[in-house]
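Hi,

Here is the model I said I would pass on. Have a look at it first, then read my notes below.

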Amino acid sequence: MEELRKKAREALASGAAQVVLGYGKGSGKKARAVFIRKPDQADKLILDDSCVQNLAVYLKKPEVRALGKPAIVSRLPTMRALLQLASENQVAEKDLLVLGVSHDGKLLDLPEFKAMEDYVATAPLELTAEERAELDKIQKLSLDERWRYWQEQFAKCVKCYACRAACPLCYCANCLAECNQPQWLPVPSHQRGNLEWHIIRAMHLAGRCVSCGDCSRACPAGIPLHLLNRKLAEELFRNFKSRAGMSAKGEYALGVFKPEDKENFIK
Amino acid sequence: MAIDKKLLKKESLDQLFSRLKSSGRSILAPVNRGEQIFFEQVNSPGEMAKDYIQTTLSAKGAVFPRCEELFSYRFEAQEVKLEDRKSEPKPTVIFGLRPCDAASFAVLNSVFTWDYQDELFKSRLEKTAVIGLSCKKADEYCFCASVGGGPGETQGSDILLTELSSGNYLAEIVTDKGRDLAALAPELFGPAPAEDKEKNLAAVAKQFELKTLNAKLSQLFDKNQLWVEQSLRCLGCGACAFVCPACVCFDLQDEAGRKGGVRLRCWDSCGFSLFTLHTSGHNPRSVQSQRWRQRLMHKFAYMPERQNFVGCVGCGRCSRLCPADMNLIEHLKEIAENRE
Amino acid sequence: MTANLYKPYLMRIEKITEEAPGVRTFRLKFVNEDEGKNFSFQAGQFGLYSVFGEGESTFCIASSPTRQGYIECTFRQMGRVTTALARCEEGSVIGFRGPYGNIFPLPDWKGRNLLFVAGGIALPPLRCVIQNALDRRENFKDLTIIYGARTVADLVYKHELGEWSKRGDVKVITTVDPGGETPDWKGEVGFVPAVLEKAAPTSANTIALVCGPPIMIKLTLPVLAKLGFTPENIYSTLENRMKCGVGKCGRCNVGKLFVCKDGPVFTLAQLNTMPPEY
């Protein structure tokens with residue numbers, strides 16, 4: 001933690017960054033995002049197990065961008081998000097500083113995106129044993145049972161869009177859900193509308209989701225949305241051998257045609 | 001109307017529920033669903049969640065549903081036929097509502113009966129009775145005492161139950177509706193216990209003076225820097241508005257096919273940028289800091305002034321559930337204590 | 001008003017007038033004649049007009065309450081609902097909820113001069129007052145209308161402007177922006193604020209009603225001040241995104257005031273006390 005604070009102080013004092021986007025003490029047992037602008041405020045930064053929010057999400061806010069060049073405290077999911085955003089031309093290497101931290105809280109030296117790519121390559125986006133068990137539990141259900149499970153989950157959805165707001169990869173300035181010509185998705189929270197929203201969001205994130213889990217954490221109704229995104233991530237890997245957040249120059253599997261792509265869906 | 005104090009034994013709850021049900025009422029009560037607690041239809045007290053401070057979603061859906069049909073329409077050649085909704089609200093008892101939530105119905109009512117009478121809301125409210133449950137425990141997010149409420153306040157409940165040290169309940173029968181409910185099972189309501197209600201209530205300290213907050217807020221509209229700083233970490237989702245028992249902003253949406261359709265009313269949030277977006281593309285509240293300001297001003301300045309109600313009951317759900325840990329009470333205190 | 005606050009009256013489109021590119025006027029009659037007989041409103045009020053299946057859109061009632069048996073609205077095709085309205089034909093049935101909002105206090109203006117300054121698609125909110133004043137001409141002294149649009153084609157109520165000009169008891173000055181004139185254009189060429197300054201109507205005993213795009217209002221107000229108009233005597237209307245129209249859905253507020261309840265008519269004196277949230 002002290003290393004991180006020192007690095008933050010230096011970055012602000014030298015003008016290498018105008019704002020340090022990191023974690024501070026929140027209410028209860030939570031951490032919260034803090035936006036440090038003065039070197040002497042760097043002591044507000046903390047780094048512990050409560051620091052789980054994917055801070056890359058704040059890059060989509062104009063008020064945050066207006067603060068100047070950010071130095072972002074980045075755990076692995078944030079690094080993956082930054083690389084995925086870079087591969088989608090949403091962030092440029094020169095426009096931010098990455099204060100990478102390892103899973104055990106050590107400050108990493110990541111002077112440029114290449115170094116971040118190398119680090120991320122050491123921990124590829126695979127499911128942990130627990131995560132696989134979670135998915136398998138649903139996989140083992142029959143189609144009917146799976147349908148019923150998700151209908152029950154979606155019945156809790158109030159369409160607050162916290163999942164969308166918390167996701168760094170949901171950065172569309174005009175979300176599809178907000179379009180009314182045509183009204184692609186119903187607005188109210190009802191059975192069909194909730195189902196359609198979550199399916200569309202999962203599809204739009206397929207191959208792009210970096211599995212930070214913030215969608216499920218943000219959901220006030222406790223819907224395990226991360227399962228949908230993880231499932232699709234696994235499907236994409238199975239079919240195209242691609243994973244999100246590996247490279248700033250990554251290709252989006254669903255946006256690229258390669259001659260060797262299987263066409264076994266054409267019957 | 002004087003409050004009748006009675007004793008309701010814990011073991012009587014089964015009987016009470018079954019009398020309520022046989023009188024044609026449905027019962028909504030807090031039910032565990034994984035780590036969350038929601039208000040759902042129950043048949044017996046055994047299904048209820050126990051030992052919790054507050055539910056995840058509020059019970060406002062009972063009087064102001066997430067999605068409600070306003071009327072339906074049929075297309076017949078060039079003509080249109082309109083029809084009122086077919087189903088009438090069922091008489092409902094909400095059991096186990098905390099005093100903060102019970103007080104919120106009056107806040108909702110102040111909006112729905114402001115000059116124009118919303119008969120849909122009124123008919124639901126009229127058919128809803130509240131058997132509230134005082135709070136023995138509170139957490140750091142509760143601030144009912146700061147907005148004119150308290151862990152044992154009777155306002156909004158038709159009957160308020162307070163759990164005593166014996167495990168039985170002090171039952172305060174507050175309203176005529178409450179008297180009607182008690183009359184369904186008069187033998188279950190015994191003479192008032194001697195035990196002091198206060199010592200069975202959580203301690204919730206007042207954290208700011210509403211009048212001070214109100215006076216300060218009215219000076220702060222133009223202080224953009226304050227609003228930007230307070231809302232930097234806000235993600236602009238609708239979670240706070242949707243879990244809030246006193247939030248009432250809504251949207252109207254048509255859903256139709258070739259033969260006809262419905263006009264629906266559904267929850268909306270002033271936190272969304274779409275909320276005030278004009279078709280021309282102009283948006284009077286185009287950035288989150290303006291929308292955060294609107295949330296605070298509406299609840300703590302405009303509503304008190306126009307409708308004589310604070311738009312907040314201090315339940316703390318917004319702060320417990322905010323994905324960005326905005327924590328409303330911190331911001332309110334910052335404003336109330338502002339020395340400028 | 002129906003018992004269900006949100007259920008509209010059914011209205012038949014009796015006549016459609018193409019006013020300008022993308023701008024239409026509908027003349028509407030109540031499908032249920034009894035509802036029509038019991039209906040009344042005052043100048044300044046607005047309504048929510050439905051296309052069933054698409055939604056509602058908010059427009060002022062652009063005709064005068066002195067004209068019985070119908071109401072009119074004028075709108076520009078812009079979004080989902082107005083596009084659906086633009087597809088309607090004469091004989092189609094749409095919905096109408098209203099009248100909502102506050103009024104132009106015409107009874108207070110007896111014996112005074114009225115000055116109308118409008119731009120583009122913003123003439124409709126004033127047209128109800130103009131028609132009302134003309135129908136009760138003896139109640140008012142001098143009537144002056146200064147109206148401009150970008151181009152000749154964009155002027156709305158062209159036919160009526162012609163009729164008003166011919167009356168002789170109302171002064172009508174129409175203008176188009178420089179470059180917007182056609183070879184046979186006989187009116188003024190210049191922006192509305194400049195034309196207003198040149199016309200220099202008296203401010204003594206006069207009420208000014210101003211409606212237009214924000215830029216026009218911004219440049220017109222100083223001219224009115226220069227001519228001696230005080231904020232209490234300058235009236236305008238505000239527009240904001242609306243859904244319920246009755247002060248419940250929470251979205252049209254400007255500070256503590258709701259455009260649907262406390263407006264849409266505001267004096268400049270009031271606007272000066274309101275936060276810049278529109």
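Chain A puts 30 residues in contact with 35 residues of chain B, where contact means that the C-beta atoms of two residues, placed from the backbone, lie within 7 Å. Strand 2 (31–36), helix 2 (62–65), helix 7 (162–166) and helix 9 (214–218) of chain A each bring at least two residues to that side of chain A. Helices (H or I, at least four residues) and strands (E, at least two) are DSSP runs, numbered from the N terminus. By class, the side of chain A that touches chain B has 17 nonpolar, six polar and seven charged residues. For the classes, Ala, Val, Leu, Ile, Met, Phe, Trp, Tyr, Cys and Pro count as nonpolar, Asp, Glu, Lys and Arg as charged, and the others, Gly among them, as polar.

Before you go on: this is a predicted model, where local features need pLDDT of at least 70 and side-chain atom pairs count only at pLDDT 80 or more, while totals for chains, interfaces and linings use all residues. Residues are numbered from 1 along each chain as its sequence is written, and chains are lettered from A and ligands numbered from 1 in the order in which they are written.

On to chain B's other partner. Here 41 residues of chain B meet 32 residues of chain C. Strand 11 (250–256) of chain B is one of the elements with at least two residues on this side, and strand 11 of chain B has the largest share, six residues. The side of chain B that touches chain C counts 21 nonpolar, nine polar and 11 charged residues.

Chain B itself splits into domain 1 (1–65 + 75–204) and domain 2 (207–340), with bounds from an automatic or database domain assignment. The C-alpha centres of domain 1 and domain 2 of chain B are 26 Å apart, and 25 residues of domain 1 of chain B touch 23 residues of domain 2 of chain B. What gives the most to the domain 1 side in chain B? That is helix 2 (residues 99–112) of chain B, with nine residues. The domain 1 side of chain B has 15 nonpolar, seven polar and three charged residues.

Phe272(B) is buried because 22 other C-beta atoms lie within 10 Å (buried takes 20 or more other C-beta atoms within 10 Å of a residue's own, exposed 12 or fewer, partly exposed in between, with C-beta atoms placed from the backbone). Leaving aside neighbours within four places in sequence, Phe272(B) is in contact with Gly236(B) and Gly238(B).

Back in chain A, helix 5 (residues 129–139) and helix 10 (residues 225–240) of chain A pack at about 95 degrees with their axes 10 Å apart, so helix 5 of chain A is roughly perpendicular to helix 10 of chain A (65 to 115 degrees counts as roughly perpendicular). Axes are lines fitted to C-alpha atoms, for helices over the stretch in contact, and angles run from 0 to 180 degrees between N-to-C directions. Glu131(A), Glu134(A), Leu135(A) and Ile138(A) in helix 5 of chain A meet Leu227(A), Arg230(A) and Lys231(A) in helix 10 of chain A.

Lastly, chain C has seven helices and 15 strands, and 52% of its 278 residues are buried.

Cheers

Key
Angles under 35 degrees count as roughly parallel, over 145 as roughly antiparallel, 65 to 115 as roughly perpendicular and the rest as oblique.
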